Amino acid sequence: MSSYNMVKQEFIKKWITTLHILDCSVEHPLNVTERKNAIKLSSDIAMAAARSSSTVWSRALISRSGNKTANKPMARRVLKKARNRMKNRCLTLRRNGNFTAKSGVRRRTELLKRLVPGGELIENKDYLIRETLDYIVYLRAQVDVMRTVAAVDSVTGNLTNDNN
């Protein structure tokens, strides 16, 4: 079995456990937004737990889990900022054309540090790249599992609707 499939299996085990813990701890029914935030939070915790806290990003995700701000739609903010930076960079290039490779690498490194949980703490560029690649593997596994769950849910939902 490939290591990627092992990552997915470990993530599934941890996610089921965290969802079960979450379900047991909720005293009142959740609205849609609370449910979405709880699923995202449990997924992040499961992804970090599957990595056994052996990386900076996994420890950062676990430490963020107690933070109330972790439930905000951070990805949307990060992507919007990155998109605006790209637009500004293109305008700067068109205006004066003195975009140096060193400043481009520095900007991209800073952006990467903000995208990877705990990346702000990493100074070594090689280590940052290794952490980023590891984080990408686990994010990909998380997305694959969630897509599978959504596909199964839509199929079983259609079957339930057909039987009524």
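Leu133 is found in helix α6, and that makes a handy starting point for a tour of this predicted model. Together with Ile129 and Ile136, Leu133 forms a nonpolar patch on the surface, with about 280 Å² of accessible area together.

**The chain as a whole**
- The protein chain holds 6 helices and 0 strands, so its elements read α-α-α-α-α-α from the N terminus on.
- Among its 164 residues, 25% count as buried.
- The chain exposes about 11,600 Å², and carbon and sulfur atoms supply 58% of that area.
- Of the contacts with a separation of 6 or more, 62% are between residues 24 or more positions apart.

- Lys125 belongs to helix α6 (residues 125-163), and with 48% relative accessibility Lys125 is partly exposed.

**Salt bridges**
- Side chains of opposite charge can pair when their charged atoms come close.
- The count of salt bridges here comes to 5.
- In helix α1 (residues 3-25), Lys14 and Glu10 are 4 residues apart, or about one helical turn. Their closest N and O atoms are 3.7 Å apart in a salt bridge. Lys14 is partly exposed at 29% relative accessibility, and Glu10 is partly exposed at 27%.
- Asp44 and Lys40 meet in a salt bridge of 2.8 Å, N to O. This pair is also set 4 residues apart, about one helical turn, in helix α2. Asp44 is buried, with a relative accessible area of 14%, while Lys40 is partly exposed at 42%.
- Asp134 forms a salt bridge with Arg51, with the closest N and O atoms 2.6 Å apart. Because Asp134 lies in helix α6 and Arg51 in the loop between α2 and α3, the pair ties together parts that are 83 residues apart in sequence. Asp134 is buried at 16% relative accessible area, whereas Arg51 is partly exposed at 24%.
- Glu110, Lys113 and Glu123 are linked in a network of salt bridges.

**A buried serine**
- Ser42 sits in helix α2 (residues 32-50) and is buried, with a relative accessible area of 5%.
- Leaving aside residues up to four places away in sequence, Ser42 touches Trp15, Thr18 and Leu19.

Notes:
Residues numbered from 1 in each chain as written. Predicted model: local features only at pLDDT ≥ 70, side-chain atom pairs only at ≥ 80, totals over all residues. Heavy atoms only, no water. Helix = DSSP H or I, 4+ residues; strand = E, 2+ residues; numbered from the N terminus. Buried < 20%, exposed > 50% of the residue type's maximum accessible area, 1.4 Å probe, protein only. Contact = heavy atoms within 4.5 Å. Areas by Shrake-Rupley, 256 points an atom, 1.4 Å probe, with all protein chains shown as cover. Patch = residues over 30% accessible without salt bridge, like charges linked within 9 Å, V, L, I, M, F, W, Y side chains within 5 Å. Salt bridge = Lys/Arg side-chain N within 4 Å of Asp/Glu carboxyl O.
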